[in-house]
Amino acid sequence: MRRLLRWASALLLAGVLALAALPFTGTGTRALLGAVNRLPMLSIDYSGGRLFGELHLASLVLRLESLVLQLDSVDSQLSPSCFLGSQVCWQSLRAQDVNLRVLPSETESSEPLSGEFIELPFGLVVETLSIARLVVAWPGGNWESDVQGRIELAGSRVEVSRLAVATGRLTLDEGDGNDT
């Protein structure tokens, strides 16, 4: 009976260690991203690398009720040591194209925003952010630029430092000419 209990314990420990090692290998990362791809709101096209290390994605698309975020040609270097401090940290995050599209609401509201913010249960830090082409589009206009900088999110606070934009262009739609 003891021998069976030892074997069961050893198999359980081996299974836990194998799951913990998945983000450190290319095959494990591909399997984890494949599982995440089953979420209807998320689509990830894996190119290579490891989640906990250098990761290369051809694209990442997040579809929510009011916005769509698409990143193309993404290279990242995640720092797993930050997890001990309840943070997700990237040493570097580079993307060729980032498109954030705010979708028009079905009902126009003239009420002011409530002031409530999304609070993340963990912090996010990007030490070196580099976006070759950022496009933020909303009903009525868009902003297009490149971005270099550092970003930190904690709770509902966003801190941006070392931000550099070499070129930027704001475009506003003229609308129908009716001021209401």
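Modeller: Among contacts in the protein with a separation of 6 or more, 45% join residues 24 or more positions apart; contact means heavy atoms within 4.5 Å. This is a predicted model, in which local features need pLDDT of at least 70 and side-chain atom pairs count only at pLDDT 80 or more, while totals for chains, interfaces and linings use all residues. Residues are numbered from 1 along each chain as its sequence is written, and side-chain values use heavy atoms, with hydrogens and water left out.

The protein has two helices and eight strands. Along the sequence they run α-α-β-β-β-β-β-β-β-β. Both kinds of element are DSSP runs numbered from the N terminus: helices are H or I with at least four residues, strands are E with at least two. Of the 180 residues, 24% are buried. Buried means under 20% relative accessible area, exposed over 50%, and partly exposed in between (1.4 Å probe, protein chains only).

Now the core. The largest nonpolar core holds 16 residues. Such a core is a set of buried Ala, Val, Leu, Ile, Met, Phe, Trp, Tyr and Cys residues joined through side-chain atoms within 4.5 Å. Those with the most contacts inside this core are Leu33, Leu57, Val74, Val98, Leu129 and Ile131. At least two core residues come from each of β1 (42–49), β2, β3 (67–79), β4 (87–102) and β5 (123–138). β5 gives the most, with four. Leaving out residues up to four places away in sequence, Leu129 touches Leu93, Val147, Gln148, Gly149 and Ile151.

Next, helix α2, residues 26–36. Its buried residues are Gly28, Thr29 and Leu33. They lie on the same side of α2, because they cover an arc of only 130 degrees around the axis; the arc is that of the directions from the helix axis to the C-beta atoms. The buried residues of α2 pack against β1 and β2. Exposed Thr27 and Arg30 sit on the face turned away from that buried side.

In strand β2 (residues 54–63) we find Ser59. Ser59 is buried, at 15% relative accessible area. Beyond its neighbours within four places in sequence, Ser59 contacts Ser43, Ile44, Asp45, Leu71 and Asp72.

Last, the disulfide. A search of the whole structure finds one; the term means a pair of cysteine sulfur atoms within 2.5 Å. Cys82 and Cys89 form it, with sulfur atoms 2.3 Å apart. Both cysteines are buried. The torsion about their S-S bond is about -100 degrees, so the disulfide is left-handed.
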